[in-house]
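Please look through the structure below before reading my points. I have kept them in numbered form, so that each can be checked on its own.

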Amino acid sequence: MAKDKDTDKKRVLKPERLDRTPLQISVNLILIALFLLTYTYGWRVTEIDISKLLSPPDGLKGLVSDLFHPDIISRDAKTYRVYRTYLIPCDPTRERAGEVGEGVTLSPDCGNIGDIVTIAGEGLRPNTDGTIAWRTQQGGTKILAQFKTDENGSFSFTTRVPEAPPGQTKGQHGAEVILHWEEGSLQLSETARQVLDKMLETIFLALMATTLGVVLAVPVSFLAARNVMGTTRVGMIIYFLVRLFLNILRSVETLIWALIFIVWVGIGPFAGVLALTLHSIAALGKLYSEAVESIDPGPVEAVQATGANRIQTVVYAILPQVLPPFLAFTIYRWDINVRMSTVIGLVGGGGIGFLLIQWINLIQYRQAATAVWAIVIVVAAMDYFSAWIREKLI
Amino acid sequence: MLLEVKNLTKVYEDGTKALTNVSFTLDEGEFVVLLGLSGSGKSTLLRCINRLVEPTSGQVILNGKDLTAAGGAELRYMRRDIGMVFQHFNLVRRSSVLRNTLSGRLGYNSTLRSILGIWSQADQQRAFQNLERVGLLNKAFNRADELSGGQQQRVGIARALMQEPRLVLADEPVASLDPVLSHSILKYLEDLNKEGIAVLCSLHIPSLARRYATRVLALNNGYLMFDGKPEELDNAKFKEIYGQDAESLEE
Ligand SMILES: Nc1ncnc2c1ncn2[C@@H]1O[C@H](COP(=O)(O)OP(=O)(O)O)[C@@H](O)[C@H]1O
Ligand SMILES: [Mg+2]
C-alpha cells in the first residue's frame with residue numbers, strides 16, 4: 001500500500017518532467033530552430049505566395065470560360081461571291097472582265113476616284129453577314145464595310161470610290177461582295193477531329209507499351225524470383241543482376257525515359273512506346289517476381305520430382321499459381337499507362353499531350369479545353385473498363 | 001538390388017544435422033516403412049533420395065547408377081524412375097485433375113510439346129487409366145482444389161504412376177487425412193507394390209507400419225536405429241529407440 005502511495009505522489013508531481021536540465025532545454029531549442037529553418041527555407045525556395053492565389057489575373061476568367069466551351073462542333077462554312085466592275089474613266093466601248101455572281105449592282109458603274117457610288121444587293125440570301133471590298137486593276141484589295149442582308153436579301157451601301165496607289169488609278173476597278181454563313185448539320189470541328197485522331201494514338205500507345213511490357217516482364221520476373229533462380233550459383237548471380245537492372249530502370253521516371261528515347265528515335269509515339277514499355281517492364285517485373293516468390297512451393301517440388309525440367313516446372317507448377325496476381329497487376333499497369341500516355345506527349349513522346357501543349361503555348365484555350373476534356377473522358381472510361389474486366393476475370 | 005543408400009549425411013545450412021551416416025538397401029518388390037518421430041529426418045531422407053534436397057555426403061545408387069553424381073539432364077532422367085507422394089498432396093490447385101496427372105509424364109516429353117499442352121494419344125490414355133485406377137475418372141476435368149483431401153492424395157498417386165516408376169517414395173501420405181482414409185490410401189500403395197513397384201513410405205503410426213510393411217526402418221534424430229522385419233519391432237525395441245515416454249506400438 002505504501003508503495004502505491006509513493007507512485008501516486010510521483011505521478012502528481014512528475015518532478016523529472018518539470019525541471020528540465022539546461023542540456024534538454026537547449027536540445028529542444030535547437031530542434032525547434034531546425035524545424036523553423038527547414039520550413040522557412042522550403043516556403044521561400046518553392047516561392048509560395050498566397051496573395052497570388054487569391055488575386056488571379058484577368059486571363060484566368062477567360063481560361064475557365066474556355067474550359068467550359070471546348071471547340072468540338074461546327075457547321076459547314078459557305079460563301080457566295082459577287083464581283084462587279086467599275087471603269088475609270090467611263091468608256092462604253094471597253095470590255096469588262098471577270099464579273100461573277102448575281103444580285104449586286106453598282107450605280108453608277110463608271111466614274112472617277114472620289115465619286116459617289118452605291119453598291120446595292122437584291123435577292124441575295126436573307127439575314128446573312130457579308131463584306132464589301134474594293135479591288136483595283138492590279139488586284140489591290142481594300143475592305144470597305146461589313147454588312148448584313150435584310151429579311152428580303154437586300155442591302156445598300158454608298159461610298160466614294162477609294163483612292164488607289166499611283167499608276168493604278170485608271171482602268172478596271174470593281175466591288176467584291178462576299179456573303180458568308182454556316183449551313184448544314186452540325187459536325188466535328190477540325191480541333192475535335194485532331195483530338196480524336198491523337199486520342200486514338202494515345203490509347204494505342206498505352207496498348208502497345210502495356211503489351212510489350214507484359215511480354216517482356218513475364219520472363220524477366222522469373223529470372224528475378226529467388227525461389228526459381230536460387231537453386232544454383234549461376235542462377236543466384238542472374239537473379240541479383242536482373243534485380244539490380246530492374247531497380248535502376250524503375251528509379252528513372254517515364255518522362256525522362258521519353259526524353260532519352262526522343263533523342264534516340266526522334267519525336268513521336270515510338271519514343272513514347274519505348275519509354276512506357278521500359279517502365280512497365282521495371283514495375284511489372286518487380287510485382288510479378290514477388291507473386292512468383294509467394295507461391296506454394298509444394299507443387300513445384302512435386303513437378304520437379306517427376307523429372308520435369310525448369311521450363312516445364314515453370315509452365316506446369318508456377319504459371320497456374322501466379323496467373324491471377326499477374327492479371328491483376330497487368331490491369332493496374334494498363335491504367336497507369338493510359339494516364340502516362342496522355343502526358344508523355346508534353347515532352348514529345350506522341351499522343352494527345354503533344355496537341356495540348358501546342359495549344360496552350362499558342363494560347364488557344366478552347367482547343368486546349370477540347371483536349372483536356374477528351375483526356376478526362378478517356379481516362380475515366382478506361383478506368384471503368386478495367387474495373388469491369390477485373391471483376392470478370394479475377 | 002534397386003536402391004542403395006550409402007553413408008548418407010545431411011547437414012542443413014543452419015547447422016541442423018538431419019541425417020547422420022544412414023545406410024540401407026531396398027530390393028524390388030519391397031514395401032519399406034520409414035518410422036520416426038516428427039523431426040527425426042524422415043522427410044530429409046526421402047527428399048535426399050530424389051535430390052529435392054542435396055545430400056551433404058554419401059551416395060544414393062539407383063539401379064547401379066550413382067544418382068548423387070548425376071547432373072542436369074541425367075538427374076531428371078533418373079528421377080522418372082522415382083515417383084513421389086507428399087503429405088500435403090502438392091497438387092497445382094488451380095489446374096484440372098487431368099493436367100495434374102499428366103504432369104507426372106513431363107520427364108518423358110519434350111519441352112516445346114509440353115508447354116504447348118500437346119500430349120500424345122498414349123499419354124492421354126495412360127492418364128485416364130491411372131485416374132480410373134484411383135477411382136477418379138469422373139473428376140478428370142474438375143479443378144484439383146474442388147476435391148477432398150483423400151481424393152487429392154489419390155490424384156497424387158495417379159501422378160506418380162504416370163512416371164511408370166520403379167520406386168515410389170511416400171512422405172507421410174496419410175498424415176493430413178482423416179484416419180479412416182488412411183487405409184484406403186495405403187491400399188493403393190500396397191496394390192502398386194504388388195505389381196512390382198518398390199515403396200518407401202514414411203509413417204509415424206507404428207500400427208500402420210506393421211499392417212503394410214514388409215520391412216521397417218526406424219530413424220531417431222537422424223540416425224538409422226532399426227532395420228528389420230515389422231514383427232521384430234516390438235514394444236521393448238520401440239522404447240529402446242524412442243525412450244520410455246514414446247507411445248507403444250498399439251497406440
Ligand atoms: N530446410 C531446412 N533447413 C534447416 N533445417 C531443416 C530443414 N528441413 C528440416 N530441417 C530440420 O531437420 C530435421 C529433420 O527434419 P525432417 O526431415 O523434416 O523430419 P521429419 O520428416 O521426420 O519430421 C529437423 O530438426 C528439422 O527442423
Ligand atoms: Mg516430414
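**Notes on the model**

1. B:Asn21 lies in strand 2 (residues 17-26) of chain B, where strands are DSSP runs of E with at least two residues and helices are runs of H or I with at least four, both numbered from the N terminus. Although B:Asn21 is not a glycine, its phi is positive, near 55 degrees, and the residue is partly exposed, with a relative accessible area of 49%; buried means under 20%, exposed over 50% and partly exposed in between, with a 1.4 Å probe and protein chains only.

2. This is a predicted model, in which local features need pLDDT of at least 70 and side-chain atom pairs count only at pLDDT 80 or more, while totals for chains, interfaces and linings use all residues. Residues are numbered from 1 along each chain as its sequence is written, chains are lettered from A and ligands numbered from 1 in the order in which they are written, and side-chain values use heavy atoms, leaving out hydrogens and water.

3. B:Asn90 also has a positive phi, about 55 degrees, without being a glycine. This residue sits in the loop between strand 6 (82-85) and helix 3 (97-102) of chain B, and B:Asn90 is buried, with a relative accessible area of 9%.

4. In chain A, a cis peptide bond with omega of about -10 degrees joins A:Ile88 and A:Pro89, and A:Pro89 belongs to the loop between strand 1 (73-88) and strand 2 (104-107). Another cis peptide bond, with omega of about -5 degrees, links A:Ser107 and A:Pro108, the latter being in the loop between strand 2 and strand 3 (116-121).
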